[in-house]
Amino acid sequence: MSETYSIPNGGHDQEQSPESQDQRDHNNNNSRRGRQQSGKIHTPLIPFALELGFFAGLLWGLLRWLFYTLHFTVVAPGFLAEPFFKHSFMKTTAGHLVGLLFFIALSVVASLVYTWMFRRYKGPLPGIVYGLVWWVILFVLTGPKLGMMNPLHRLTWDSIYTEICVFILWGLFIGYTVAVEYTDERKREPDKAGD
């Protein structure tokens, strides 16, 4: 079934098949994609970082909550809100939700910092290191001093391992998402079949 239609072109009728029109649309999409990757069209930093931080905080905050519920960690989901609320409130469901909101806020800040300062780094390793740095800041340097959690020597090994893993994955999520958006990391991805 070969349908044809005519397109006026400089006063001459030229017949084209739908297949050639599809090929032209495909070529236009590829050239548009190339312009986006070559740097002519940029993703705005602030909205991208805010959206990334929100979803990173929501996803990994809920995962931390699950790990706390399953007793993989003794660090409460609301540990970031401990300096601002009573400890008894932080053990309630409402306290856990407040803690989730604080974790989302931390993720937004971390995402803004990473996007602003480290967006040119490629690959997963910078994000992993970034997550470890945040873990050290929160669990070694500031957390025990502000009463967010017990010092490391008073936490269980399961808690330490779980929190390190969560923060590594959280940092990887932020870092690699930024790397794919602002560097040529898309070139590492295999082409879709059919393109």
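Contact here means heavy atoms within 4.5 Å. The structure is a predicted model, in which local features need pLDDT of at least 70, side-chain atom pairs count only at pLDDT 80 or more, and totals for chains, interfaces and linings use all residues. Residues are numbered from 1 along each chain as its sequence is written, and side-chain values use heavy atoms, with hydrogens and water left out.

**Exercise 1.** Work out where Glu163 sits and what surrounds Glu163.

*Solution.* 
- Step 1: check the accessibility. Glu163 has a relative accessibility of 1%, so it counts as buried (buried is under 20% relative accessible area, exposed over 50%, partly exposed in between; 1.4 Å probe, protein chains only).
- Step 2: set aside neighbours within four places in sequence; Glu163 then touches Arg64, Thr73, Val75, Trp135 and Phe139.

**Exercise 2.** Describe how α5 packs against α6.

*Solution.* 
- Step 1: take α5 (residues 125–146) and α6 (residues 157–182); their axes lie 7 Å apart, at an angle of about 135°. Axes are lines fitted to C-alpha atoms over the stretch in contact, and angles run from 0 to 180 degrees between N-to-C directions.
- Step 2: α5 is therefore oblique to α6 (under 35 degrees is roughly parallel, over 145 roughly antiparallel, 65 to 115 roughly perpendicular, the rest oblique).
- Step 3: list partners. Trp134, Trp135 and Phe139 are among the α5 residues, and Glu163, Phe167 and Trp170 among those of α6.

**Exercise 3.** Is His71 buried or exposed?

*Solution.* 
- Step 1: locate His71 in the loop between α2 (45–69) and α3 (87–90).
- Step 2: with a relative accessible area of 67%, His71 is exposed.
- Step 3: look at the backbone; phi of His71 is near 65°, a positive value in a residue other than glycine.

Notes. Helix = DSSP H or I, 4+ residues; strand = E, 2+ residues; numbered from the N terminus.
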